[in-house]
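Welcome! Try each task before you read its solution.

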Amino acid sequence: MRKNITTLLYSTLLCMLFAACGQNAAAPVYYQNPVVRAEAPDPSVIRAADGTFYLYATGGNYSIYKSDDMVNWEKVGEVFNEETYPKEIRNDRKATLWAPEIRFIKDKYVIFYTMWFGTEWLSAIGYAVADTPTGPFTDKGILIDSKPINVEQSIDQFYYEDGGKSYLFWGSFRNIYAVELDVTDNVDIAIKPETMIQIGGTAYEGSNIWKRGDYYYMFASIGNFAGGAKSTYRTVVARSKNVLGPYVDKKGVSMLDNGYELILDKDDKFTGPGHNAGIVEDDAGQTWMYYHAYQLSNLGLRRQSMLDKVLWDEEGWPYIESGTPSDSAVVPVVRK
């Protein structure tokens, strides 16, 4: 009898333990793409000192979105207003602003912007600075100008620091270039023209760099970003052991010769996935990529901002699960 009671008590305790474990084991939480359900192309993302994420997107005065968890975003303002908007006039028009690039440099938030005046040889890249992620931003003027630097379609800039030096990468289907920058403590920035070097060929735009292990990875976009359901835009990558290249694909073909590895293409729900922001790490050290795409079920919102986890194979090459945008995925790890 005593043995039966002991067995019963032991079984009951085991059941209680398993039940408690089941209750404490949190089920995975999922997010759904797009994460910014608005027209928000060319996203650029930064994490502020307090842990908050900010996303900046092409459109009007540059929309600014805010998030505590990388997946739920609310619009909190715009980079420029009527008074602070870049004043440059070319081709009898003010600039259309494309492809914002946000960085934190010497205690300032710096937004690099593309100025488009309707023709490739009038395009330019400038920058503005602020003390907070939401501004106000003060325009500091042009950094790179297509005609003086002799690079047609000088747009789609990306700022990168390496080895105590600062660089700007840029270009759009007229080769990809890099140039070293001179950055003062007051965040007055100027290019060093003598350091300009070609990095990639004519296949790419929207380039950006991520360092992992011994390699620098250059992500870029190819194809036509426009066209909605017919968009041919997609995301590619190559890598190098030097920040200035040569960047090569798995077969050793250089980006100078338009070599690349395809990592993100369209599927039956999204088209035109590309122009990704620089890679963002979550608090578990996982790497994530923001980009834009057309949602076939909602083409009216045009290019919305998307999020996908970047995975790495045994040889150190990045890839996206299934090679296409996720409809739903497990949320990033963010600890506030």
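**Exercise 1: one residue in its surroundings**

A284 has 44% relative accessibility, so it counts as partly exposed (buried is under 20% relative accessible area, exposed over 50%, partly exposed in between, with a 1.4 Å probe and protein chains only). This is a predicted model, in which local features need pLDDT of at least 70, side-chain atom pairs count only at pLDDT 80 or more, and totals for chains, interfaces and linings use all residues. Residues are numbered from 1 along each chain as its sequence is written, and side-chain values use heavy atoms, with hydrogens and water left out.

Task: Find where A284 sits and what it touches.

Solution: 
- Start with the loop between β22 (280-281) and β23 (287-295), where A284 is found; strands are DSSP runs (E, at least two residues), numbered from the N terminus.
- Next, set aside neighbours within four places in sequence: A284 is in contact (heavy atoms within 4.5 Å) with V333 and R335.
- Finally, V333 is 49 residues from A284 in sequence, yet their C-alpha atoms are 5.8 Å apart.

**Exercise 2: a sheet**

Task: Work out how β4 pairs with β3 and β5.

Solution: 
- Begin with the order β2-β3-β4-β5, an open antiparallel sheet of four strands; two strands pair if DSSP finds at least two bridges between them.
- The edge strands are β2 (44-47) and β5 (74-78).
- Five bridges link β3 (residues 53-57) with β4, and Y56 stands opposite I64.
- Four bridges join β4 (residues 63-67) to β5, where Y65 has K75 as its bridge partner.
- Lastly, four of the five residues in β4 are buried.
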